[in-house]
Amino acid sequence: MVSIVIPIYNSAPYLSDCLASVRKQTLSDWEAIMIDDASTDESAQIAASYCEQDQRFRLLHQPHNMGQSAARNRGLQQVKGEYLLFLDSDDRLSPDYIEQMLSHIGDADLLQTGYKRVSLDGTITEEKCPSWHRRYVLISPCMRLYRTTWLREKGILFEEGMIYEDVLFSARIWKAKPKIRVHQYTGYFYLINPHSTTSEQHDTTRIFHELRMLGIHPLQFNALRIRLRAHFIKEKFLQQ
């Protein structure tokens, strides 16, 4: 079984499309763990309606807004599947997403794939997928299938109370040296959302400090820093 961890916070305009894409998967052996991070819009009600329609959906509630990292960590505590993946609540999956992921992970600890970037009007503006030699180019925890036992054995979680936690999570993954496979597949649809946390500039001092504490090689560190700066500039440009 594949466990899908979906943190939710005020994503009502996009959430139904996200959850519908999960429900339409060609393989049926999955569970979707939704963590509502004290949303103030109709997100919790939308998520609850999917639970009523399909018992493979489970909804957990945070007592107050604790951030995406805390929501994902709570989801990680609940997963029952042999494999897991992360899905943001404003994104969606191709119907064959789980089937493709399971058919290509083999004996690896992690399968890395790519994505299609989608504008609010549904236009695909970019398609990106890493090659084997560029398997570390994507820093999002999404677009990957993880072997649950490996992730738990390594004790890798998201750092709470900080922005760009995705970067640190990915750096910890790479530092643990998983057996990685790459699949040239872009069935993850990443929405260009002007209201997402990455659409605003944040202080990156802490993330760079944490990367140094991890002992990331200087060349790798500089590459991560450049990609992070470029990611911010790109997001701001696309959302104008």
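Predicted model: local features only at pLDDT ≥ 70, side-chain atom pairs only at ≥ 80, totals over all residues.

Let us begin with strand 1, which spans residues 2-8. How many of its seven residues are buried? The count is seven of seven, and the strand is thus described as mostly covered. Both of its faces are covered: Val 2, Ile 4, Ile 6 and Ile 8 are buried on one side, and Ser 3, Val 5 and Pro 7 are buried on the other.

Strands in a sheet are held to one another by backbone hydrogen bonds, in a parallel or an antiparallel arrangement. Strand 1 pairs with strand 2, residues 30-36, in the parallel sense, over seven bridges. Within this pairing, Val 5 stands opposite Ile 33 of strand 2. From strand 1 the chain passes through helix 1, residues 12-23, to reach strand 2, and this β-α-β crossover is right-handed.

Strand 1 also pairs with strand 4, residues 83-86. These two strands run parallel and are joined by four bridges. Here Ser 3 has Leu 84 in strand 4 as its bridge partner.

Strand 4 leads us on to strand 9. The two strands run antiparallel and share two bridges, with Tyr 83 opposite Arg 147 in strand 9. Strand 9 is covered on both faces: Arg 144 and Tyr 146 are buried on one side, Leu 145 and Arg 147 on the other. Strand 9 pairs as well with strand 6, residues 110-112, in the antiparallel sense and over three bridges. In that pairing Leu 110 stands opposite Tyr 146.

I turn now to the aromatic residues. The structure holds ten aromatic pairs. One of them is formed by Phe 86 and Tyr 146, whose ring centres are 5.6 Å apart and whose planes lie at 75°, so this pair is edge-to-face. Why does this pair tie together parts that are 60 residues apart in sequence? Phe 86 belongs to strand 4, whereas Tyr 146 belongs to strand 9, residues 144-147, and therefore the contact links those separated parts. Both Phe 86 and Tyr 146 are buried. Together with Phe 158 and Phe 169, they form one aromatic cluster.

The charged end of Arg 72 is placed over the ring of Phe 86, 5.8 Å from its centre. Elsewhere, Arg 92 lies over the face of Phe 189, at 4.3 Å from the ring centre.

There is also an open sheet of four strands, in the order 5-11-7-8 and with mixed pairing. Which strands form its edges? They are strand 5, residues 92-93, and strand 8, residues 124-128, each of which pairs on one side only. Strand 7, residues 115-118, runs antiparallel to strand 8, with four bridges between them. Lys 116 stands opposite Glu 127 in strand 8.

Finally, I come to helix 4, residues 97-105, where the buried residues are Tyr 97, Ile 98, Met 101 and Ile 105. Viewed down the axis of helix 4, these buried residues fall within an arc of 90°, so they line one face of the helix. After helix 4 comes Gly 106, which has a positive phi, near 55°.

That concludes the presentation, and I thank you for your attention.

Key. Residues numbered from 1 in each chain as written. Heavy atoms only, no water. Buried < 20%, exposed > 50% of the residue type's maximum accessible area, 1.4 Å probe, protein only. Arc of directions from axis to C-beta. Pairing = 2+ DSSP bridges. Right-handed = clockwise from strand over helix to strand, strands pointing away. Phe/Tyr/Trp six-rings, centres within 6.5 Å; stacked < 30°, edge-to-face > 60°. Lys NZ or Arg CZ within 6 Å of the ring centre and 35° of its normal.
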